[in-house]
Amino acid sequence: MMSGYPIYQDALAVSKQKNGYFPFYILHNRIPHKSELHHHDFAELSFVISGCGYETINGQNHRMLPGTISILLPHHIHFIESDKDNPLSLYSCMFDLSILLDSDYDSGLSNLILTIGIQIPSFLGLDTIMAARIKHNLDEIMEESSRDYFGKNIFIRHKLIETLLLIMREHRSKASSAIVNQLSDSSSDLLRSIIQYTHTHYLESLSLKKLSEIYNKSCPYLSRVFKAHMGQSFNDYLHALRVNRAATLLVTSDISITDVSVEAGFEHFRTFSRTFKELKGITPKQYRSKYMPSKVSSQITVP
């Protein structure tokens with residue numbers, strides 16, 4: 001188990017870009033041992049090129065093999081650990097969600113992506129054919145990023161959207177079609193804006209009342225819109241985000257459970273404890289004990 005709090009990584013600083021630049025960069029990372037527990041304000045798409053290991057996202061530990069895809073939304077905390085004799089090599093695409101949300105034509109895709117970690121798993125294993133196709137796209141993005149071609153940013157956005165679309169199709173083939181269709185049919189600018197805001201501010205004091213002030217809409221109206229398109233209340237969605245963050249902290253750090261509740265955005269420990277048990281089926285203390293690192297290697301996923 002790691003000690004200390006998750007590290008915030010400033011994505012723009014890592015990429016050595018300035019505000020106003022195209023908010024995207026791609027890295028070819030090699031992880032000889034393990035990464036630090038961290039989070040950032042960019043979304044991330046990673047693809048395992050070679051090697052093996054484990055990754056923990058939102059309290060779920062999954063095996064990383066060649067062809068494994070992971071997608072994290074802003075401020076999802078995670079860390080990666082390579083197998084001792086077979087270190088991981090992977091592509092990491094870092095991008096601001098505005099790349100996906102600027103166009104109404106891409107709303108079906110962006111609506112799905114904004115449910116990752118809640119309705120859709122954060123990781124997916126690809127078959128050989130699809131893995132080769134995704135790697136080809138990422139190879140092209142890497143090549144384009146290293147040159148100063150005319151239309152460079154247009155090409156990168158196009159390839160990123162194509163890659164994400166292929167991944168979402170894979171998820172669609174394995175998920176409940178009812179959920180996928182329900183989310184895909186929503187083209188509400190308001191809903192997409194609310195979800196994006198929620199993902200970037202869920203650690204703060206957030207409520208329907210605050211959203212009603214921001215968007216100049218009544219609480220009952222926002223509640224109906226959210227429930228109709230997402231199939232759950234706003235509070236349930238918000239609690240799921242916070243509980244997933246708490247679950248990750250419980251199994252990857254030695255932070256006290258009281259401090260975990262604060263780090264996950266809960267104002268009251270009693271609310272945190274009750275909500276965590278409702279969503280995970282056990283208490284935070286039992287969860288930490290059950291999924292200690294010594295048991296990680298024997299488990300592919302954490303319920």
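**A tour of the sheet and its helices**

Begin in this predicted model with the open sheet, whose five strands pair in the antiparallel sense and follow the order E2-E9-E4-E7-E10. Select strand E2 (24–31) and strand E10 (123–125): these stand at the edges, each with a single partner strand, so one side of each has no neighbour in the sheet. Viewed across the sheet, neighbouring strands are turned against each other by 15° on average, direction ignored.

Next, select strand E7 (residues 68–72) together with E10; the two pair in the antiparallel sense over three bridges. Within this pairing, Thr68 has Gly125 of E10 as its bridge partner.

Helix H4 (residues 128–145) lies across E2, strand E4 (43–50), E7 and strand E9 (88–95), and runs at about 115° to E2.

Then move to helix H10 (residues 234–252). Its 19 residues reach 28 Å from the first C-alpha to the last, close to the expected 27 Å. H10 is mostly covered, with 17 of its 19 residues buried.

Finally, display helix H12 (residues 269–280) beside H10: the two axes come within 10 Å and cross at roughly 90°. The two helices are therefore roughly perpendicular to each other. To see the contact, select His239, Ala240, Val243, Asn244, Ala246, Ala247 and Leu250 of H10 with Phe272, Thr275, Phe276, Leu279 and Lys280 of H12. By class, this contact has eight nonpolar, three polar and one charged residues.

How values were computed. Residues numbered from 1 in each chain as written. Predicted model: local features only at pLDDT ≥ 70, side-chain atom pairs only at ≥ 80, totals over all residues. Heavy atoms only, no water. Helix = DSSP H or I, 4+ residues; strand = E, 2+ residues; numbered from the N terminus. Expected span 1.5 Å × (residues − 1). Buried < 20%, exposed > 50% of the residue type's maximum accessible area, 1.4 Å probe, protein only. Pairing = 2+ DSSP bridges. Axes fitted to C-alpha atoms, helices over the stretch in contact; angles between N-to-C directions. Contact = heavy atoms within 4.5 Å. Parallel < 35°, antiparallel > 145°, perpendicular 65-115°, else oblique. Nonpolar A, V, L, I, M, F, W, Y, C, P; charged D, E, K, R; others polar.
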